Every structure is written in C-alpha cells, then in structure tokens.
Amino acid sequence: MSEQESWHQHVRSQHRDELIQAGQQLFLQHNFPDIRVNDICKLAGISRVTFYKHFDDINEVVFEVQMRILTHMTDWLVAADQPERTGFERLKSILHSWVDYARQHGQELRFIVLFDLYYDGMQIKDELRQRYEQFVYEGQKSGFLLDPLQAGIADGTLFSQLDPHRTGALIFQTIMGVLQRLILSNHQNHFQPNALDEMDLPVITMLLHYVASPPEV
C-alpha cells in the first residue's frame, strides 16, 4: 500500500469512527429510534454521502454502538476481578462492580435496554444480524463470570454441582433484568442512579447465597 493509499485509508477509518461516536452521543441522549442519519452527520460534521460510504443505514450504527457499550461494560467488570482471591470473593467483587457501573453509566444501560426491546423488529441484513449474534456468542463463551465460577467450584467456596455456563447465564440475566426494570421505571429518559441502592445488597446477597458452597457441619 502506497503512502497516499494509507492516508486515504486512515481518513476513511477516522470518518467511520467519528460517525459512530456521534451516533453514540445522540443515542445516549435520546431514544435511538428518533435519531436520523442527518442528525448524526450534522453532529459529526460529515456529509450524508460519506455516511453511506461506510454504512448502508442507521441501524448499522446502532449495532456498532451496542457492541461498543457491551465491550465497555465487560472491560469494566473484568477489571474488577481479583484472580488472587477465592472464587466466591471474585464473584462478589464483580457483582458489586456491576452496580457501580450502572450508577456511573446509566445511560449506556438504558441504551442496551432499548436495543433489546427493538432488536427483533429491526429491519437489518442477515449478515449484520449474524455478526452481532456471533459477537454475543463469543462474549458468552469467554464470559467474565466463567473464570470466578470455575475457580470457586475448584476451591470449594462455590457449590460443587454448579454448571458454570448455566449459572453465569442466570446471574447475567438476573442482574441485567433488575437493572433494566429500574431503568425503565424511572421517569421518561432520566436514569436515577440512587434507585440502585434498593437493589444492590438484596439481589447480590440472593445470588451469592444461591451459588455459595453450603457451610460444613
């Protein structure tokens, strides 16, 4: 690749990233079905012609933002893991960090909720849907809950008969379900982090009780 070709490739990549960033900013501020291509282009300072060089339609931007937010949330939770501790303590730390993430990134979680609500009805190409479902599958296969669950089963701090994959899926669905209900129950578009205080300890305590190894007698 020549130097000029490399420069053009860099500019194309930069424009694509700027469009995704503009889309994310707008999607987090408003209901994403209300946002149009013109809104994204105006905020990014990039023409519609350039937009359609990178994306077939606005739904592609929605999916890119969804994957970025899920990756950010996962990275946040992975950073909370403490591999030197017992599996039980690692899991406890991740669950509390999840609530902290919701406190600090409520609008991102709200976007995930809206995406899930609209996902089945979105008109998208099979290629994009398959790409997203592969992204989700890979995330589940190497899930951030899997290592602490397996470690806890091995070190005896978690119930020995747990299936780590099924248990990880149950924990994920439970936490996300509670967070989603809290977000949707808040007034219109405004997420109130203080609402999480009511679910923090009860839900986490319930989950940890469910997976913990019974005490020796």
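Let's start with a helix pair. In H4, Val62, Phe63, Val65, Gln66, Ile69, Leu70 and Met73 meet Glu108, Leu109, Phe111, Ile112, Phe115, Asp116 and Tyr119 of H6. Contact here means heavy atoms within 4.5 Å. By class, this contact has 11 nonpolar, 1 polar and 2 charged residues. Nonpolar covers Ala, Val, Leu, Ile, Met, Phe, Trp, Tyr, Cys and Pro; charged covers Asp, Glu, Lys and Arg; the others, Gly among them, are polar.

A word on the source. This is a predicted model, where local features need pLDDT of at least 70, side-chain atom pairs count only at pLDDT 80 or more, and totals for chains, interfaces and linings use all residues. Residues are numbered from 1 along each chain as its sequence is written, and side-chain values use heavy atoms, with hydrogens and water left out.

Back to the pair. H4 spans residues 58–80 and H6 spans residues 106–119. Their axes come within 10 Å and cross at roughly 130°. That makes H4 oblique to H6.

Now the whole chain. How many helices and strands does the chain have? It has 10 helices and 0 strands. Helices are DSSP runs (H or I, at least four residues); strands are E runs of at least two. Buried residues make up 42% of the 217 residues. Buried means under 20% relative accessible area, with a 1.4 Å probe and protein chains only.

Last, one residue. Thr50 lies in helix H3, residues 48–54. Thr50 counts as buried, at 16% relative accessibility.

Conventions. Axes fitted to C-alpha atoms, helices over the stretch in contact; angles between N-to-C directions. Parallel < 35°, antiparallel > 145°, perpendicular 65-115°, else oblique. Buried < 20%, exposed > 50% of the residue type's maximum accessible area, 1.4 Å probe, protein only.
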